[in-house]
Amino acid sequence: MAARSLFRYTQSKSVIPQFHRCSATLSAYEIQHRTPSIKKVMPIPKAHYGGRHTVTLLPGAGIGPELMNYVKKIFRYAGVPVDFEDVDIDPNAHNNDDLDFAITSIRRNGVALKGNIETRSREAGVLSRNVALRNQLDLYVNVVHCVSYPSVPSRQKNIDIVIVRQNTEGEYAMLEHESANGIVESMKVITRSNSERVARYAFEYAKRNGRKKVTTVHKANIMKLSDGLFLEISRKVAKDYPDIIHNDMIIDNCCMQLVSNPHQFDVVLTTNLYGAIVSNVVCGLLGGAGLLAGKNFGDHYTIFEPGTRNTGKRIAGKNIANPIAMLNAAVDMLRHLGHKKHAVLIQNAINKTISEGVLTKDLGGQASSTDVIDNIMKHIKIGAV
């Protein structure tokens with residue numbers, strides 16, 4: 001089993017993503033938040049019927065279903081030409097049938113919007129849903145653009161960091177076994193091809209977006225072969241971009257530097273597990289988990305989701321969950337699909353709501369989830385006039 005899974009990783013093709021140049025007509029906010037497009041090896045058209053796109057919707061667990069209902073409400077109100085194909089995945093399932101159906105739907109539609117999906121079963125052969133989606137669809141890069149909102153109370157101001165995370169291997173390779181009673185071994189997989197793909201993505205992103213520096217985050221001082229390979233590839237790719245500064249930093253020092261002096265970072269390039277850690281640290285600095293969106297890119301498919309991948313079970317059903325991160329993910333999805341007018345309309349309404357201080361309790365406000373949605377809809381109505 002492990003050998004077959006490892007073979008799948010080592011056979012991954014090294015495909016260099018390309019980006020469209022930004023138009024001079026884009027606003028500063030759009031330039032900052034636009035979704036990079038990846039040149040596909042074999043172009044697969046998105047599901048598009050009568051001027052409308054069909055998108056796979058994976059509500060997930062915890063607050064996911066209620067946040068998706070807010071997205072649907074906003075889209076209906078704004079007249080967004082998107083239809084959702086809802087796919088529920090049972091966290092208690094004893095097989096992968098629901099997962100297989102979700103993957104088939106995403107392959108058909110090309111794009112998905114998702115919450116965090118639980119996997120409660122510990123039975124052999126039942127895969128982690130979140131990891132399996134990324135692996136089987138080859139969504140090899142995750143991007144979280146971490147930008148401060150001036151009106152949101154936060155530990156640091158004026159942060160603007162892009163985290164580019166390898167998304168399909170590392171400690172998330174799902175290659176574990178119990179070699180003896182009470183002794184579990186987990187394989188960390190780092191491949192040259194996937195390391196080069198994500199490194200190339202990071203430097204291309206920096207080049208196309210006027211970024212000045214890429215910092216590779218690693219633990220190569222201890223994991224000399226695995227993280228050492230990732231760092232080696234990053235340094236090799238960096239030579240193709242002489243106008244971009246490249247440095248590297250050990251993950252534990254990186255976390256300390258992010259808290260003490262986050263403004264030294266521009267684009268952060270890192271492996272899977274470290275990317276999860278760094279993303280959550282920066283989101284905490286900006287105000288919390290409820291603000292930022294994450295984007296998962298591959299050569300054929302794209303999944304949009306909140307940036308920190310939290311389930312939020314503790315606050316589910318209490319009308320206090322912050323809907324902003326999921327709405328920002330939905331806006332990123334609209335840009336990706338080419339619905340620029342609707343993306344700008346909704347994004348402006350979100351920004352005005354935040355600037356007015358209509359915030360949920362996690363951001364220091366007193367508003368309920370529905371208060372935030374109602375205020376966003378008010379600004380959509382004003383903006384559409």
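Leu-58 has Lys-114 as its bridge partner in β4. That is one contact from a predicted model, where local features need pLDDT of at least 70, side-chain atom pairs count only at pLDDT 80 or more, and totals for chains, interfaces and linings use all residues. Residues are numbered from 1 along each chain as its sequence is written, and side-chain values use heavy atoms, with hydrogens and water left out.

Strand β2, residues 52-58, is joined to β4 by three bridges, and the two run parallel. Pairing here requires at least two DSSP bridges between the strands; strands are DSSP runs of E, at least two residues, and helices are runs of H or I, at least four, numbered from the N terminus. Strand β13, residues 302-306, also runs parallel to β4, again with three bridges. Within β13, Phe-304 is the bridge partner of Leu-113.

Now the side chains of β4, residues 111-114. Val-111 and Leu-113 point one way, Ala-112 and Lys-114 the other, and all are buried, meaning under 20% relative accessible area with a 1.4 Å probe, protein chains only.

Next, the helices. α4, residues 97-109, packs against α5, residues 129-136, at about 40°, with axes 11 Å apart. Axes are lines fitted to C-alpha atoms over the stretch in contact, and angles run from 0 to 180 degrees between N-to-C directions. That angle makes α4 oblique to α5, oblique being whatever is left after under 35 degrees (roughly parallel), over 145 (roughly antiparallel) and 65 to 115 (roughly perpendicular). From α4, Leu-99, Ile-103, Ile-106 and Arg-107 make the contact, and from α5, Arg-129, Ala-132, Leu-133 and Gln-136, with contact meaning heavy atoms within 4.5 Å.

Notes
Buried < 20%, exposed > 50% of the residue type's maximum accessible area, 1.4 Å probe, protein only.
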